[in-house]
Amino acid sequence: NRLFQEGVGRTGRSDEVLGGHWIPAVDIYEDDQEFVVKAELPGLESKDVDVQIQENVLTLKGERRLEREIDKERYHRLERSYGTFQRSFTLPNIVEEEKVKAKFKDGVLEIRIPKEERVKPKQIKVEAL
């Protein structure tokens, strides 16, 4: 019986688990050409996720709902979080916002944010007089 009596969720608060907010795990890395953001969104579909980028701020929003309505009292254990989420990340000024691409597969959202092509300095030949 102790199995069913332990905390309801990660925080132990059923109100957060059943209809509050949750924070999806995110990895962010870069290479020479782009920044890549990967967010774990299990149980969601692409239509459940909103991705926006404005003034170098990337915002992920969405909601995970219970699959069907069940009274809270009928759950024995509820650890997965449900409700809305929103994460925002400030990007450096070197991104090309109009070329951002996002794809969603197997519960993972992947966003690729290209960096601006850097202008190479023009080499000026110095002549001897």
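Okay, quick housekeeping. Residues are numbered from 1 along each chain as its sequence is written, and side-chain values use heavy atoms, with hydrogens and water left out. Since we're on a prediction, local features need pLDDT of at least 70 and side-chain atom pairs count only at pLDDT 80 or more, while totals for chains, interfaces and linings use all residues.

Let's start with Arg64. You'll find Arg64 in strand S5, residues 57–64; strands here are DSSP runs of E, at least two residues, numbered from the N terminus. Is Arg64 buried or exposed? Buried, with a relative accessible area of 9%, where buried means under 20%, exposed over 50%, and partly exposed in between, using a 1.4 Å probe and protein chains only.

So what does the side chain of Arg64 reach? The backbone oxygen of Pro42 at 2.6 Å, and that of Ser81 at 2.9 Å. Leaving aside residues up to four places away in sequence, Arg64 touches Trp22, Pro42, Leu44, Ser81, Tyr82 and Gly83, contact being heavy atoms within 4.5 Å.

Now over to the sheet.

For Val26, the bridge partner in S3 is Ala39.

Methods: Helix = DSSP H or I, 4+ residues; strand = E, 2+ residues; numbered from the N terminus. Polar contact = N/O pair within 3.5 Å; in protein donor to acceptor, adjacent residues only side chain to side chain. Pairing = 2+ DSSP bridges.
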